[in-house]
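Biologist: Please walk me through this model, starting wherever you like.

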Amino acid sequence: MESIHQLLDACSLPEKTQLIEHAKIKNSPTSKKLKLMKLFVDKPGLSDSEYAENIYINQDASAYFQLKKRVKDELEELLLILKPNCADKEYKLHLSCLELLLKSQHILVRGVRSEGAKMLEKALKTAIKHNFHDLILTIYTTAVRFRIVEVLNTNDLPELELAIKGHLQLLIKQNHCSNKSRTEPKNKYLKSMIKKLNHSLESWNKLNTIQKAIEQREYDHALSLINKAASEWKPGSQSYSKEGLKLSKMSVFLAKREYDNVLEESVEVEHTTHFSKENKLNFTLIHWYALFHIDKIEEARHVLQNELMQLDSSQLSKWKYLDMHLNYKLLNFKNALKQIHQSQNTLKCMPDYYLGSKMLEMMILFDLKDTDWLEYKIDNFRKLIARTTFDVNKRVQNSFCLFTKLQKSLYSPDQIKVHQHPALLELQNETKGTEWDPGSFELIRYDTWIRSKLAARPCGITEPA
């Protein structure tokens, strides 16, 4: 195990001292591991038997070699803290970008979404600036895993695909050996992975075709593709393809608002243990949407608290967003408002959900007939969407337009005919660009809510004298 000496020889004296200081933080003062690490630094010329005698008295102690392995593992871990002095500037920049990426992942895993997203975006800018195409792919997968849509979204995929393909082609051309006499063996693990990828390519293509049909709202066609692919699926095939088909089927039923069918499909998922964590999370979320939309509020709360929050604690802001809507449906307006005010800062990194929380806040103020605060919040929202840098979808634009008119009609009910407004008809008829997605941030349809307010309030509220 000469590698311990090699690791330490690669460090300067101040760096070795720094390693020991970090080790002191991780280990107790009487730790044998810390003692052996100090010996390797202070007395590098000793033999294994001499090191063993210093630690265990017995020169042939078998425990010594286990301890030595733990010391090596810890040294490798602590070396990540030290920044190597690279002569190659490009390699130093690559390490710096990689370090940013790793930091963002560590922060995101701890649930600190906004700071993690900023660091991930910084890593992306660095990778783009210095043409680190290999890291761009990892940054994208990290953004997808933690749903950091403001860093990379699906609109970036076509260009990203071309960039990655070009990078791989260049890499192969640069390193491909034309000399046929060379017979180095291929990496058996890579060969195994390529074999699996080739076998799964057909499944991925099928899932991709189904997903495109769903995005184009061709739900019946998507269902026929799903059923056909399911009938062709064979036991022993890639499990993700079966999971993907199940997830696609539930997504279609949710989009078609066939919530009972979603719940039927959920029964099988709940009694299956082999699904991946990511797919299990998506299945559970679709199940939650179905429960919410058919007003099974207590069941929805149970799923939220005991499943969604347990499956992914990094999305706590989103789970709180769902919970505030549960409180709203239970007419627990004060708790819902409290959750909104506590969560809005953390929701800023998810623009749709941030705007959705603002919309829900105004709906609650309408229900509470708090006209002063309502006027203030409507004015603030108008300023927000006027200066915002992200896109505001048409459903929010139309709904907010109607909110302002509804607010004015509180004082002059005959002046503004909200129920005949074109924006409301567009929302209700779901004309192109205003379709409602039951799996989106708009958990309560704004047009349905507006209609209910109009039906419940034939007369306006007159401003007090």
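**Notes on the model**

Biologist: What is the relative accessible area of C401?

Modeller: For C401 it is 26%, so C401 counts as partly exposed. Buried means under 20% relative accessible area, exposed over 50%, and partly exposed in between, using a 1.4 Å probe and protein chains only. The model is predicted, so local features need pLDDT of at least 70 and side-chain atom pairs pLDDT 80 or more, while totals for chains, interfaces and linings use all residues. Numbering runs from 1 along each chain as its sequence is written, and side-chain values use heavy atoms, without hydrogens or water.

Biologist: And C11, buried or exposed?

Modeller: C11 is buried, since its relative accessibility is 10%.

Biologist: Salt bridges, then. What does the count come to?

Modeller: The count is 23 salt bridges, each a side-chain nitrogen of Lys or Arg within 4 Å of a carboxyl oxygen of Asp or Glu. One of them joins the side chains of E74 and K33, at 2.7 Å from N to O. E74 sits in helix α5 (residues 63–79) and K33 in helix α3 (residues 32–42), so this pair ties together parts that are 41 residues apart in sequence.

Biologist: Are E74 and K33 buried or exposed?

Modeller: Both E74 and K33 are buried. The helices in question are DSSP runs of H or I with at least four residues, and strands would be runs of E with at least two, numbered from the N terminus.

Biologist: Which side chain does D73 meet in a salt bridge?

Modeller: D73 meets K69, at 3.4 Å from N to O. D73 and K69 lie in helix α5, four residues apart, which is about one turn of the helix.

Biologist: How accessible are D73 and K69?

Modeller: D73 has 35% relative accessibility and counts as partly exposed. K69 is partly exposed too, with a relative accessible area of 44%.

Biologist: How far is I4 from K69 in space?

Modeller: I4 and K69 are 9.1 Å apart, C-alpha to C-alpha, and 65 residues apart in sequence. I4 is found in helix α1 (residues 3–9). Its relative accessible area is 0%, so I4 is buried.

Biologist: Which residues are linked in a network of salt bridges?

Modeller: R257, R395, E430, E442, R445 and D447. The side chains of R445 and D447 meet at 3.0 Å, N to O, and R445 and D447 are buried.

Biologist: What about α18, how many of its residues are buried?

Modeller: 16 of its 18 residues are buried, so α18 is mostly covered. Helix α18 (residues 351–368) should span 26 Å at 1.5 Å a residue, and its end C-alpha atoms are 26 Å apart, which agrees. K369 follows α18, with a positive phi near 55°.

Biologist: Why note a positive phi at all?

Modeller: Most residues other than glycine have a negative phi.

Biologist: Where does N131 lie?

Modeller: N131 is in the loop between α7 (113–129) and α8 (133–145). Its phi is positive, about 60°, although N131 is not a glycine. R217 also has a positive phi of about 60° without being a glycine, and it lies in the loop between α10 (188–215) and α11 (219–232). R217 counts as partly exposed, at 40% relative accessibility.

Biologist: Last topic. How many residues line the second largest pocket?

Modeller: That pocket has 21 lining residues, with L79, L80, L82, K83 and P84 nearest its centre. Helix α6 (residues 89–109) gives the largest share of the lining, eight residues.

Technical notes:
On a 1 Å grid over the protein atoms alone, a cavity is a set of points where a 1.4 Å probe fits but cannot get out, and a pocket is an open set with protein on both sides within 12 Å along at least five of seven lines; lining residues have an atom within 4 Å of a point. The expected span of a helix is 1.5 Å times one less than its number of residues.
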